[in-house]
Amino acid sequence: AFPTIEPSEVGLTGLAWLFFSYGYLLFYASGLISEGSDLLLLVPSMAGLVGGVVLPLLGAVPDGAIMLFSGLGDISQAQESLSVGVGALAGSTIMLLTVPWGLSVFAGRVDLVGESKVPNYTGKPKLSAKGGLLHTLSGTGIGLSEEVSHGGLLMMVTTLPYFIIQGPACFLHGPSEVVAEGEKMYALAGLVVCLVFFVVYLAIQMKISKDGTDKLKRVAIVKKKSRTG
């Protein structure tokens with residue numbers, strides 16, 4: 001069995017140390033992955049491969065590591081450990097999809113002008129100080145690019161495999177062994193659909209990169225590297 005650290009054995013101080021240690025390691029590792037992937041993206045001959053395949057795979061490494069290590073150890077407790085890992089992964093993903101996005105929208109909002117509510121990106125000032133909460137909610141906003149709309153559609157489509165397993169799980173009841181037996185084929189079907197969606201996603205990302213639609217991202221990376229040396 002793999003060695004584990006019991007929370008009851010380390011106390012509050014030990015838990016705090018583990019929390020900040022693991023947090024720093026993840027932060028440092030994600031910085032290395034991001035910096036290395038940015039540099040690879042600047043190589044023209046590899047830009048399509050890097051932007052379409054390497055970056056998505058590198059981005060999935062931390063999440064995959066969480067799932068892998070949460071399932072290691074005593075097989076009798078694997079289900080409970082995986083549940084914790086899935087919960088942590090789902091929670092972190094939901095947080096990244098909501099909190100940073102919401103803060104970005106709030107910080108980048110401008111006045112909506114005219115009957116069609118067009119974002120006032122060219123006017124001065126772009127954001128007026130008039131109104132209160134009602135004006136903030138109904139009179140300000142942001143403009144969505146085609147890439148954002150395309151990404152949102154992909155995110156909605158890729159949630160479908162979740163319902164393949166979640167649907168039967170809502171109707172299966174009884175001992176865990178019976179439920180597991182009933183969910184087995186649905187889980188396999190969900191896995192196959194997820195793999196197919198993943199391959200399609202990589203192909204779409206590679207096409208986008210080859211078409212040059214991520215040119216602005218590459219320009220931003222060049223400017224960043226020029227400033228930092």
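Is Tyr 162 buried, partly exposed or exposed at 48% relative accessibility? In this predicted model, Tyr 162 counts as partly exposed, because its relative accessibility of 48% falls between the limits of 20% and 50% that separate buried from exposed residues.

The secondary structure of the protein chain comprises eight helices and three strands. Read from the N terminus, the elements follow the order α-α-α-β-β-α-β-α-α-α-α. The chain contains 229 residues, of which 17% count as buried. Among contacts with a separation of 6 or more, 55% are made by residues 24 or more positions apart.

The three strands form an open sheet with the order 2-1-3 and antiparallel pairing. Strand 2 (118-119) and strand 3 (140-141) are the edge strands, each pairing on one side only. In general, the strands of a sheet pair through backbone hydrogen bonds, in either a parallel or an antiparallel sense. Strand 1, which covers residues 110-113, pairs with strand 2 in the antiparallel sense over two bridges. Within this pairing, Leu 112 stands opposite Pro 119 of strand 2, and Val 113 has Val 118 of strand 2 as its bridge partner. Four residues lie between the strands in the hairpin of strand 1 and strand 2, where Gly 114 adopts a positive phi near 80°. Strand 1 and strand 3 also run antiparallel and are joined by two bridges. Here Val 110 stands opposite Gly 141 in strand 3.

The loop between strand 2 and helix 4 (133-138) contains Asn 120. This residue counts as buried because its relative accessibility is 15%, which is under the limit of 20%. When residues up to four places away in sequence are not counted, Asn 120 touches Val 110, Asp 111, Val 113, Pro 125 and Lys 126.

One salt bridge was identified in the model. Lys 184 forms this interaction with Glu 181, and the closest N and O atoms are 3.2 Å apart. Both residues belong to helix 7 (residues 176-211); because they are three residues apart in that helix, about one helical turn separates them. Lys 184 is partly exposed, with a relative accessible area of 45%.

Three aromatic pairs were counted. One of them joins Phe 19 and Phe 20 in an edge-to-face arrangement, with 5.3 Å from centre to centre and 80° between the planes. Both Phe 19 and Phe 20 are exposed. Another pair consists of Tyr 162 and Phe 163, whose ring centres are 5.4 Å apart and whose planes lie at 80°, so this pair is likewise edge-to-face. The assignment follows because an angle over 60 degrees counts as edge-to-face. Whereas Tyr 162 is partly exposed at 48%, Phe 163 counts as exposed at 53% relative accessibility. A further side-chain arrangement involves a charge and a ring: Arg 109 lies over the face of Phe 106, at 4.1 Å from the ring centre.

Terms used: Residues are numbered from 1 along each chain as its sequence is written. This is a predicted model: local features need pLDDT of at least 70, side-chain atom pairs count only at pLDDT 80 or more; totals for chains, interfaces and linings use all residues. Side-chain values use heavy atoms; hydrogens and water are left out. Buried means under 20% relative accessible area, exposed over 50%, partly exposed in between (1.4 Å probe, protein chains only). Contact means heavy atoms within 4.5 Å. Two strands pair if DSSP finds at least two bridges between them. A salt bridge is a side-chain nitrogen of Lys or Arg within 4 Å of a carboxyl oxygen of Asp or Glu. Rings of Phe, Tyr and Trp (its six-membered ring) pair if their centres lie within 6.5 Å; planes under 30 degrees apart count as stacked, over 60 as edge-to-face and the rest as tilted. A charge sits over a ring if NZ of Lys or CZ of Arg is within 6 Å of the ring centre and within 35 degrees of the ring normal.
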